[in-house]
Amino acid sequence: AKEAPRPTRRAVAARAATGQATAHHAASGRRIAEFTLPGVASGLVTLGDGRHVAAIVASRNTIGVVDSGTWSEPHDDHTHTYLAQPRLLDVALTADRPSHVVAEHDDVVVFGDGSGSADRYSLAGLAEGRTTATPVKASVPHHGVGVPFGSGLLVSAAPAAGARPDSVLQVDASGKVVGKRGCPKLKVDGW
């Protein structure tokens, strides 16, 4: 990596139907790198550090992680910005029909609609190639979501397999449900 004189934005895009993703210089649109994903991406999500992007490949039950190659680090009263070649990390997250990836700070939560489970990963761990997850089986299979909440999670729950979620569970760091709140009109895409 080399130090840059100022922050530099990059954009990651996925091509429909090809399984290719590209990284671009955001200001000029110039393509910097191209990657082959494990399949066609059904969604891209910027992760909590603004540097990494999750590429959801629902048809293959996997999520790839792209390093955009630009980041800033705080130093006293200013920051230093660095640039490196964008790359597809050598990690693959798995979930049964992954639908939502929600990230905040160092937490990355992947929800699998096919299992009704949320898996929590450390973004720093992913960047270093570690794919150890803390799984939370909160409900039956449904189109749902898990959201980092302090040291735990908020996870949608449904009354029956395939039904619309009707409540939110508060789960602690150990995976134990410590609270439940009814929410009969929950729409997970709004999270």
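Select Arg-87: this residue is partly exposed, with a relative accessible area of 41%. Here buried means under 20% relative accessible area, exposed over 50%, and partly exposed in between (1.4 Å probe, protein chains only). The model is predicted, so local features need pLDDT of at least 70 and side-chain atom pairs count only at pLDDT 80 or more, while totals for chains, interfaces and linings use all residues. Residues are numbered from 1 along each chain as its sequence is written, and side-chain values use heavy atoms, with hydrogens and water left out.

Arg-87 forms a salt bridge with Asp-67, the closest N and O atoms being 3.9 Å apart. A salt bridge is a side-chain nitrogen of Lys or Arg within 4 Å of a carboxyl oxygen of Asp or Glu. Arg-87 is in strand β10 (residues 87-94) and Asp-67 in strand β7, 20 residues apart. Strands are DSSP runs (E, at least two residues), numbered from the N terminus.

Now show Arg-51. The side chains of Asp-67 and Arg-51 also meet in a salt bridge (2.8 Å, N to O). Arg-51 lies in the loop between β5 and β6, so its pairing with Asp-67 in β7 ties together parts that are 16 residues apart in sequence. Asp-67 is buried at 3% relative accessible area, and Arg-51 counts as buried at 18%.

Move on to strand β6, residues 52-57, where 6 of the 6 residues are buried. His-52, Ala-54 and Ile-56 point one way, and Val-53, Ala-55 and Val-57 the other. In a regular strand the side chains alternate between the two faces of the sheet.

Colour the neighbours of β6. Strand β5 (residues 43-46) pairs with β6 in the antiparallel sense over 4 bridges; two strands pair if DSSP finds at least two bridges between them. Gly-43 has Ile-56 as its bridge partner in β6. Strand β7 (residues 62-67) pairs with β6 in the antiparallel sense over 6 bridges, and Ala-55 stands opposite Gly-64.

Then select β2, β3 and β4. These 3 strands form an open sheet in that order, with antiparallel pairing. β2 (10-14) and β4 (31-36) stand at the edges with a single partner strand each, so one side of each is left without a neighbour in the sheet. Between β2 and β3 (residues 20-25) there are 5 bridges, and Ala-11 stands opposite His-24.

Finish at Glu-34 and Arg-15, whose side chains meet in a salt bridge (3.2 Å, N to O).
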